[in-house]
Amino acid sequence: MMKVMQLSYDHLPFHLKPLLLYFSRSQKSKRTPVSRLMQLWMAEGLVDHDIPSKTSLEEATQSYLDALISSSLIMMDHIPSERSESFSVMIKVCYVHDVMHDFCSVISKKEKFFKLINSGDRFHASDFLHHRLTIHTDDSQVHKRCVLFNSNKCSAGSKHLRSLKVSRSLDNSRYICHTRHMRLVRVLQLGNIILGDSLVEEIGSLFHLRFLSIQAYMKAIPLSWVHLQNLETLLINTENTIISMVLLPRILKLSKLKHMSINMSFFFEDEEDADPRRILEAENSKLATLSRVLISYSQGTNDALAKFPNLQHLECTIMAPKCPTNGDWFPKFDVLNKLESLIAIYVEPLFTYAITLLPQLEILEIIDSYFIMAEWDASEDIYQSIKTLRLEYTKLSEWEVDRETFPKLEELILAHCEKLTEIPCAFRDIETLKSIRMLQSKRELGDSAIEIKKQVVDFAGEGRLYVHISHPYERR
């Protein structure tokens, strides 16, 4: 099999070989989200050459990925998002077969593509002469044996690093790690290491950094990070802490930042930098993905949203105002006219009119929401691009829909909709609808889905609509 793999590898175009070898950095059978994989490839500089003048870096990366999938050397699958408690949008992931993973590991070692250190391996100073280093370990004493975590010895080797990934947990309370000597590093993945304040500050000196994934207890992004002018992807895990991070206007100074996910974060409130004039004076952000942000309605929030005109994917929790101004309960999302997916958790009555103003929105998830008077009359609304609609833990009991309300809907997901007893019959007339999935809902609701299925079968045949019902409630 290795000989067969070698033949396939030898026939690959030169620019695709490092992209294939990159899979050996992950553990066997690891499914990597396509979006994250593409971000890493770009950050590593693996797609920086021979790009046509009118082709963006993202388009070139997608074409390289498609070529590898077409060659059957890597495989693509769809899995549920890890963030959902029940049903959610399926995300695209990529992986390689175990045999291909073994081959890539052998070639990576032979060509010194990167250095892998597993649990129990001996560490040598020469390990850090590689441009890429990955440490897979559950050894809490690794900090005593690895020169990377020794401030007196790491400077000589770590200056060669372009990419560092540490997976599995370390004993976070008894080691010292510095990044100030990693001047050329472009990818830094320390997601399982809790970083102290001094190390967080040091990261600001890594001018070439493009991809950063860390775990830290931070109230705000340090001022030193303004120097990270090449940063494209920022992932910060603040779990297991009551600290909420404030997204100060200084985040807008990161001119190349496109993807950001920070749990327990919120917009510009109760801080000196929250002056609306500073927000308005800042340059517009290139951010395309913003996840896990807390948004409360205010004029300042609306001004902040206007500084993100390139957003395509937004995941947020919306806090209703105590005293709404002019009856406005909902942020002005209509300024985000490039938005393709919106996942919103709302704590008070949800006003859906703002969502109809988003022409590119394809994915809408509404979680923990109270509709006005428990009713949603959408019969006169048109959600022109919605392909996936998910309602979870809503108090909705009455729902009116016209056949033109969701003209492109492909997937309807209803989870824990305890008060809803019927799916509007207009859904049977939506020709694009492919599936209805339900979890923990009343049996009457499931019966209405089955009835819609029967009517669709009579009109269009068996294969047009799929219905899945999981754990229905009994009639009461």
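**Ground rules**

I note that this is a predicted model, in which local features need pLDDT of at least 70 and side-chain atom pairs count only at pLDDT 80 or more, while totals for chains, interfaces and linings use all residues. Residues are numbered from 1 along each chain as its sequence is written, and side-chain values use heavy atoms, with hydrogens and water left out.

**Whole chain**

I counted 11 helices and 23 strands in the protein chain. Helices (H or I, at least four residues) and strands (E, at least two) are DSSP runs, numbered from the N terminus. Of the 476 residues, 50% count as buried. Buried means under 20% relative accessible area, exposed means over 50%, and partly exposed lies in between, with a 1.4 Å probe and protein chains only. I then looked at contacts, meaning heavy atoms within 4.5 Å. Among contacts between residues at least 6 apart in sequence, 56% join residues at least 24 apart.

**The sheet with β1**

I returned to β1 and found an open sheet of three strands, in the order β1-β3-β2, with antiparallel pairing. β1 (32-33) and β2 (75-80) each have a single partner strand and stand at the edges, so one side of each has no neighbour in the sheet. Proline 33 stands opposite valine 93 in β3. As background, strands of a sheet pair through backbone hydrogen bonds, either parallel or antiparallel.

**A parallel pair**

I checked strand β16 (residues 363-367) next, and four of its five residues are buried. β16 pairs with strand β19 (residues 388-392) in the parallel sense over five bridges. The bridge partner of isoleucine 367 is glutamate 392 in β19.

**Helix α5**

Helix α5 (residues 98-110) has 13 residues and reaches 18 Å from its first C-alpha to its last, close to the 18 Å expected. The expected span is 1.5 Å times one less than the number of residues.

Which residues of α5 are buried? They are Met100, His101, Phe103, Cys104, Ile107 and Ser108. Seen down the helix axis, the buried residues of α5 fall within an arc of 160°, so they line one face. The arc is that of the directions from the helix axis to the C-beta atoms. These buried residues pack against α1 (2-10) and α2 (17-21). The face turned away from the buried side carries the exposed residues Lys109 and Lys110. Just after α5, lysine 112 takes a positive phi of about 55°.

**Cysteines**

How many disulfides does a search of the whole structure find? It finds zero. The test was a pair of cysteine sulfur atoms within 2.5 Å.

Leucine 209 lies in the loop between α8 (197-202) and β8 (211-216). Is leucine 209 buried or exposed? Leucine 209 is buried, with a relative accessible area of 0%. Leaving aside neighbours within four places in sequence, its contacts include Val185, Ile203, Leu228 and Leu231. Leucine 188 is 21 residues from leucine 209 in sequence and 7.5 Å away in space, C-alpha to C-alpha.

Glutamine 229 is in the loop between β8 and β9 (233-237). Glutamine 229 counts as partly exposed, at 24% relative accessibility. Glutamine 229 and leucine 209 are 20 residues apart in sequence and 8.3 Å apart in space, C-alpha to C-alpha.

**Nonpolar cores**

A nonpolar core is a set of buried Ala, Val, Leu, Ile, Met, Phe, Trp, Tyr and Cys residues joined through side-chain atoms within 4.5 Å. Of the 85 residues in the largest core, Trp225, Leu234, Phe333, Trp399 and Phe427 touch the most other members. The largest share of this core, four residues, comes from α11. A second, separate core of 35 residues includes Leu16, Leu21, Val47 and Leu235.

**A buried lysine**

My last entry is lysine 453, which lies in helix α11 (residues 443-460). Lysine 453 is buried, with a relative accessible area of 16%. Not counting residues up to four places away in sequence, lysine 453 touches Glu462, Leu465, Tyr466 and Val467.

How values were computed: Pairing = 2+ DSSP bridges.
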